[in-house]
Amino acid sequence: MAQDDDFHPRLGRIGNKGRGSGKRFLGRVLAAANLARGGAGRAGKSGFSGSRIGRGSGVGRVLGSRGKYGGAHSRRVIVKASIVRLAGKGAAAAAAHLRYLQRDGTTREGERGTLYSRFDNEADGKAFQERGAGDGHQFRFIVSPEDGDQYDDLKPLTRRLMDRMEQDLGTKLDWVAVDHYNTGHPHTHIVVRGKDDRGADLVIAKDYMTKGLRERAIELVDLDLGPRSEREVETTLRAEVEAERLTSIDRSLLKTADAQREVDASGRDAFDQTLRAGRLVKLARLGMAEPVEGTRYRLAEGLEETLRRMGERGDIIRTMQREITSAGVERAVSDQVIHEPGATVARPMVGRVLAHGLSDEHADRHYLIVDAADGRSHYLDVGSARGLPLDNYQLSPGSVVHIEPLKATVRPSDRVIAEVAAENGGRYDVDLHLRHDPGASEAFAQTHVRRLEAMRRGGGAVTRERSGQWVIAPDHLDRVMAWEEKQLRDRPVAITGLSTLPLEKLVDVEAASWIDRRLAGQGQRGAGGKGLDQGGRESLEPVAGADPEIGAGSLRDAGFGRDLREVMARRRQWLMAQGFAQDEETGLFPKGMIQALERRDLLRAARQLATELDLPFEEAKQGGRIEGIYRRPVDLVSGRFALIERAHDFTLVPWKPMLERKAGQAVSGLMRGDEVNWSVGRGRGGPSIS
């Protein structure tokens with residue numbers, strides 16, 4: 001009779017882990033799906049890719065196949081779609097994006113853009129953000145009909161398109177939109193909440209995102225304007241023959257090229273052959289194709305990417321010409337410098353902002369055009385909105401900024417973290433650090449913790465256990481370098497706002513301006529306080545101080561360089577007339593001049609705030625404790641200060657980026673020199689933010 005504890009092992013072959021033990025449940029499901037479909041392909045190849053998951057998958061496939069066989073007479077519409085995660089800083093970035101879409105100069109009359117929705121011509125952006133406060137994601141679409149200039153108003157088209165989208169997806173959508181007419185092609189930005197009409201997460205199939213919505217837009221534009229005539233089609237194609245960008249003719253050539261990238265100029269008919277032959281001759285002149293034999297040509301390696309970049313450069317040149325002309329600046333083409341996306345400036349520069357805008361509205365990448373001290377206008381890709389440390393008003397035309405190139409690098413703190421972890425089984429925390437280096441202070445060790453926390457929030461390859469210890473991989477330094485390079489793509493340069501006032505306003509201002517600090521040979525403290533590193537986090541070291549390349553002897557006598565030279569001379573005379581500076585022979589800038597000017601600026605602002613807050617102002621004392629509620633930043637000519645409200649009064653102290661996360665919360669710190677060492681969190685006295 002069998003007993004409960006009887007056990008009969010069944011031995012299998014050596015190395016056999018049992019049926020299915022090598023696959024996770026999801027892997028077995030996908031394998032079964034592949035088998036049921038009659039194929040065994042892998043994801044991303046012939047197997048499951050996930051493109052059909054979500055609402056609208058069937059409609060998307062049908063509409064997408066329609067595009068394959070649609071005639072050349074259909075109207076063309078470009079639709080760019082993206083999904084934006086709202087976790088962490090995503091919500092703040094989404095709010096900033098919505099504000100930016102409503103910026104000035106986007107309507108036909110050059111006025112401020114206005115949000116609208118299904119029923120309202122003036123939608124409430126704040127209410128839309130509040131409704132989406134708990135959403136995990138949102139959808140963004142840019143709809144740009146090629147013939148958008150033939151519409152007096154794009155709102156009816158957008159509303160009909162969103163009605164069709166709701167029918168295709170089987171749910172009502174919560175959306176707002178804004179029309180832009182500030183480019184050669186009028187277009188519409190649409191922001192859709194990531195929730196359906198039942199409050200569940202909205203998942204839209206990839207097929208519909210990439211193909212379906214575009215075909216719906218083409219369908220509506222065709223109904224409104226009618227199909228393109230034969231003459232319109234031929235005119236468009238003829239214009240593409242000489243275009244220095246990627247065209248539909250190029251795509252056709254690439255499709256018919258053989259393994260050796262050779263293609264024949266012959267076409268379906270005489271007109272098609274004329275287009276292909278003419279385009280191949282143009283590509284040969286550009287060095288992107290070479291004749292082989294008869295009517296055959298060999299296309300250059302990377303033809304598609306090269307032509308795409310040429311098109312982007314052409315767009316940049318047109319943008320520069322437009323913005324420089326509208327700013328009233330006379331600048332020869334030879335004095336216009338384009339810093340290609342992905343490249344960075346060679347050295348720091350100081351200049352006046354001529355324009356700030358979106359270079360890629362789909363990817364939310366920004367550009368600056370700066371009239372620099374070298375007398376030239378510079379176009380710079382300054383990365384995504386997440387990497388911009390300054391508010392839009394600090395980058396408005398006329399503002400003065402300091403721009404410094406960034407590079408991916410492994411910091412000394414990263415090496416220390418790796419050393420401590422190597423001695424402690426791949427673990428790091430403050431106690432282990434102090435045991436590794438008894439001479440280090442706890443505040444110094446906390447700077448390493450902040451570095452790890454920044455990497456963790458930024459998707460870096462570090463994890464933190466519940467105990468507070470950090471798990472550090474053996475290849476930590478390689479991971480740091482990869483993370484730094486990723487951060488660099490979002491923010492290739494560091495930008496410090498020096499002044500939102502025009503240069504001429506700084507001649508007689510009773511404040512410590514950035515010009516005064518440079519005249520006195522001190523580092524700047526601009527509107528951003530200390531510098532920010534690649535991820536928009538507070539840097540362990542301040543931004544470089546005085547910039548030798550803008551010294552009075554090196555300013556070019558043109559543009560911003562000439563204006564800055566004149567303002568510096570006039571400011572020097574004003575300082576001497578006011579008794580802040582002496583004759584050059586006896587020492588032009590006495591000790592304490594900057595502090596005296598800064599105090600005047602601070603007291604003037606404090607008097608205004610005292611009336612507004614109905615509280616008396618108390619100056620912060622050196623070495624004194626600063627405790628209270630951080631309310632908001634206060635921007636003065638002398639720099640950015642933090643408003644700290646206390647029980648019976650308030651004070652103003654130098655601002656730091658980390659304070660923005662503490663708005664409305666209690667903060668504590670120690671005033672030392674011209675900065676505050678803040679203490680946040682709990683622990684042995686609380687970690688210091690210096």
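This is a predicted model: local features need pLDDT of at least 70, side-chain atom pairs count only at pLDDT 80 or more; totals for chains, interfaces and linings use all residues.
Arg 261 sits in the loop between helix H8 (248-256) and strand S5 (262-264), and its phi is near 65°, which is a positive value in a residue other than glycine.

A second residue with a positive phi, again not a glycine, is Asp 614, where the angle is near 60°. Asp 614 belongs to the loop between helix H17 (593-613) and strand S17 (625-636), and with a relative accessible area of 67% Asp 614 is exposed.

Let me turn now to a pair of helices. The axes of H13 (residues 442-457) and H14 (residues 476-490) come within 11 Å and cross at roughly 60°, which makes H13 oblique to H14. Their crossing is left-handed. On the H13 side the contact is made by Arg 451, Leu 452, Ala 454 and Met 455, and on the H14 side by His 476, Val 480, Trp 483 and Glu 484; these residues divide into 5 nonpolar, 1 polar and 2 charged.

Finally, for the protein overall, buried residues make up 46% of the 690 residues, while the accessible surface comes to about 36,100 Å², with 50% of it belonging to carbon and sulfur atoms. Of the contacts with a separation of 6 or more, 66% are between residues 24 or more positions apart.

Conventions: Residues are numbered from 1 along each chain as its sequence is written. Side-chain values use heavy atoms; hydrogens and water are left out. Axes are lines fitted to C-alpha atoms, for helices over the stretch in contact, and angles run from 0 to 180 degrees between N-to-C directions. Helices (H or I, at least four residues) and strands (E, at least two) are DSSP runs, numbered from the N terminus. Angles under 35 degrees count as roughly parallel, over 145 as roughly antiparallel, 65 to 115 as roughly perpendicular and the rest as oblique. A crossing is left-handed if the near helix is turned anticlockwise from the far one by less than a right angle, and right-handed if clockwise. Contact means heavy atoms within 4.5 Å. Ala, Val, Leu, Ile, Met, Phe, Trp, Tyr, Cys and Pro count as nonpolar, Asp, Glu, Lys and Arg as charged, and the others, Gly among them, as polar. Buried means under 20% relative accessible area, exposed over 50%, partly exposed in between (1.4 Å probe, protein chains only). Accessible areas come from the Shrake-Rupley method with a 1.4 Å probe; for residues, only the protein chains shown count as cover.
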